[in-house]
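I opened my notebook to follow strand pairing and then the packing of side chains. Here is the entry I am working from.

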Amino acid sequence: MAWGQSSGIKRTDLQQHNLSVPGREVVQVRVDFAPGVLAPNHSHHGEEIVSVIEGLLEYQLEGNPPVTLSAGEVLFIPTGTVHSAKNVGSGNAAELATYFVEKGKPLVEPSD
């Protein structure tokens, strides 16, 4: 995800495995956000489960009011839902993102 790596977002791939459902895989990534940094609108070809592990992150899912989560809180993002995430704290913020997605498709689809 080139836009993330160059904009104050660091993605660290942790694991990737085939699922028992044909054509699906699980991908787990740690995402670090510098203070004030926004991961702009995007979606995924599958479900995402977010667990905040550090700091304060605000998530905006299309059609819903923003929600702010701190360390230990979780969020479920349905397949294809356009969303963004922003570090609204004063220090680093990080999440553990677990994706259950279609194999062979891009993990992140930028959106307007």
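I began with strand β4 (residues 46-54) and found eight bridges joining it to strand β9 (residues 93-102), the two running antiparallel. Strands here are DSSP runs of E, at least two residues long, and are numbered from the N terminus; two strands pair if DSSP finds at least two bridges between them. Within this pairing, S51 stands opposite L96 in β9.

A note on what I am reading: this is a predicted model, in which local features need pLDDT of at least 70, side-chain atom pairs count only at pLDDT 80 or more, and totals for chains, interfaces and linings use all residues. Residues are numbered from 1 along each chain as its sequence is written, and side-chain values use heavy atoms, leaving out hydrogens and water.

Next I looked up β7 (residues 74-77), which four bridges join to β4, again antiparallel. V50 has L75 in β7 as its bridge partner. I checked that pair: L75 and V50 are 25 residues apart along the chain, and their C-alpha atoms are separated by 5.1 Å.

Is L75 buried or exposed? L75 counts as buried because its relative accessibility is 15%, with buried meaning under 20% relative accessible area, exposed over 50% and partly exposed in between (1.4 Å probe, protein chains only). I then read the faces of β7: L75 and I77 make up the covered one, V74 and F76 the uncovered one. In a regular strand the side chains alternate between the two faces of the sheet.

What does L75 touch, apart from its neighbours within four places in sequence? I listed E48, I49, V50, Y59, L61, V67 and L69, taking contact as heavy atoms within 4.5 Å. Y59 touches L75 too, and also V50, V52, P66, V67, L69, S84, A85 and E95, not counting residues up to four places away in sequence.

Both turn up in the largest nonpolar core, which has 20 residues; I9, F33, L57, Y59, L75 and Y99 touch the most other members. The elements giving two or more residues to this core are β2 (24-33), β4, β5, β7 and β9. Such a core is a set of buried Ala, Val, Leu, Ile, Met, Phe, Trp, Tyr and Cys residues joined through side-chain atoms within 4.5 Å.

Last, I traced an open sheet of five strands, in the order β6-β5-β8-β3-β10 with antiparallel pairing. Its edge strands, β6 (67-70) and β10 (109-110), each pair on one side only. Four bridges join β5 (residues 56-61) to β6, and E58 stands opposite T68 in β6.
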